[in-house]
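Trainee: Could you take me through how features of a structure like this are read, one after another?
Mentor: Gladly; let us look at it together.

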Amino acid sequence: MISIDEFNGIYRQYVDAVFRVTLRSVGRREIAEEITSEVFLTLYQNGDNLTPEQLPAWLFTVAKRRAADYWRRWYVEERWQAEERPSSETATPELSLEDLLAKCTSLKPVHRACIMLRFVQGMSRAEIAAQTGLNELQVKGHLQYALKLMRDALTTRRPASPPTEEMATDA
Amino acid sequence: MHNPDPMLDPLNPMEEQLPEGLRFTPRCPPLRLLLAHQEGVLPEDGAKEIEAHLASCGLCRGLLSDLGALEPHGLTNREREAIRGKLPIPMASSGKNWRWYAVSGAVAATLLVCAILALHTWRSVLGAAPQITQAPAQPSQATVASTPAPPEIAVAKLNPPLNTAPGLVLRGAGPIDQPDASQLAPAFDAYAKGDYPLAAERFNLLAKQFPRAEDPVLYLGVTQLLMHDDPAALVSLTRAEQLATTSQQDVAKWYRAIAAVRVRDPEAPELLRNLCRRDSSTYAKQACELLNQLP
């Protein structure tokens, strides 16, 4: 085992990066938290053969292996089709969301991401904020701005003229 | 994930509904499966399922692309404490009172002095022995000191190409087998900020998406070197050298040679020798110096 001081130094230096890699791999913070702690426990128990040059790559490799184990178990226990999905069909389909987003050329990636996370992925405002690094107020503003452009585009059937984002946020 | 209760979710009011008469692809996979697929951690069957969906769903492809520029919230203090709390390892820095700090400070100062003395002694003992101390940097490059440098060789951070600078906008459509500036930007943003794990992930994704493009795989290799993932760096940089245009050939050769030295590849001296002979190369002098320091 490595010494406690060595371990604590490595932990302080890399815990954020390991968590970030793990979060991207499993998508749930509580699971990323669990796996991150397992990674550092593995380091403590097996780290005596490691050299400084192998860090942090070794930590990321362990994290990804644990994430792969998690998904293997997940696929045995449940399928993504079984997860609760938001209803997305409408009675009178006229235009696809993909076409409408493409039509609203003033939308930035952050607006499209908020719309997708909200209405296709069914996330709450807090979940969108956590996923995008925004705060909830910004998420609300981006959603309202994007929805206004989309409604205008559907109404006019011409490329929508962009309102200012402040107007949409204030509405 | 989806919260159907309007009382709990203030986004449900009518003004925040999608416009009527809109249709969109039902039953897209959860985002976390899309991201896990990007990270390469799904089992084979699951990965195939996601690949098939992505091939037919522009919305999900667009979402992954749009999210490339955004970062999830980092580790909160609560989460950091929770992770630490799960580890049965004492925190060395959990001091009891000011006396503890005074004693530990004195010990730390003593250790520092000893370390400096030991370093001087070590240098004088090894002074005559061949050793690689530091790879000289190209004049326009900054030496990276943020990650723990291996004792034998440090890597100079390669500057990003100019066409990814935020102030430049490429006009017109580029070649179909090359990523455009907007696709490269998130990777170079992480690279510039020193977030090498994230940069490596993004370059890796671009390298898979554009297998004939030289920049993603070259910078993937350099990033892996900066992360001290040397075996992977050697693979990436060998590929980068094959793809490199004439102007980038020497850059790829130089970084490949560094990776080869680090993993003690038997070809390393020959790679350096070839570069050393190229008088016109910016890296010739550095390659010669490094070659002379090899045992």
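**Reading a helix pair, a buried residue and a contact**

Mentor: In H10(B), the residues B:Asp250, B:Lys253, B:Trp254, B:Arg256, B:Ala257, B:Ala260 and B:Val261 meet B:Ala268, B:Leu271, B:Leu272 and B:Leu275 of H11(B). Two residues are in contact if their C-beta atoms, placed from the backbone, lie within 7 Å, and helices (H or I, at least four residues) and strands (E, at least two) are DSSP runs numbered from the N terminus. This is a predicted model, in which local features need pLDDT of at least 70 and side-chain atom pairs count only at pLDDT 80 or more, whereas totals for chains, interfaces and linings use all residues. Residues are numbered from 1 along each chain as its sequence is written, while chains are lettered from A and ligands numbered from 1 in the order in which they are written.

Trainee: At what angle do helix H10 and helix H11 of chain B pack?
Mentor: Axes are lines fitted to C-alpha atoms, for helices over the stretch in contact, and angles run from 0 to 180 degrees between N-to-C directions. Here helix H10 (residues 246-262) and helix H11 (residues 268-277) of chain B pack at about 150°, with their axes 9 Å apart. That makes H10(B) roughly antiparallel to H11(B), since angles under 35 degrees count as roughly parallel, over 145 as roughly antiparallel, 65 to 115 as roughly perpendicular and the rest as oblique.

Trainee: Where is B:Glu214 found, and why is B:Glu214 called buried?
Mentor: A residue is buried if 20 or more other C-beta atoms lie within 10 Å of its own, exposed if 12 or fewer, and partly exposed in between. B:Glu214, found in helix H8 (residues 214-226) of chain B, is buried because 22 other C-beta atoms lie within 10 Å. Not counting residues up to four places away in sequence, B:Glu214 touches B:Ala240, B:Leu243, B:Ala244, B:Thr245 and B:Gln248. B:Glu214 and B:Gln248 are 34 residues apart in sequence and 8.7 Å apart in space, C-alpha to C-alpha.

Trainee: How many residues does the contact take from chain A and from chain B?
Mentor: The contact takes 77 residues from chain A and 59 residues from chain B. H1(A) gives the most to the side of chain A that touches chain B, with 14 residues. By class, that side has 39 nonpolar, 17 polar and 21 charged residues; Ala, Val, Leu, Ile, Met, Phe, Trp, Tyr, Cys and Pro count as nonpolar, Asp, Glu, Lys and Arg as charged, and the others, Gly among them, as polar.
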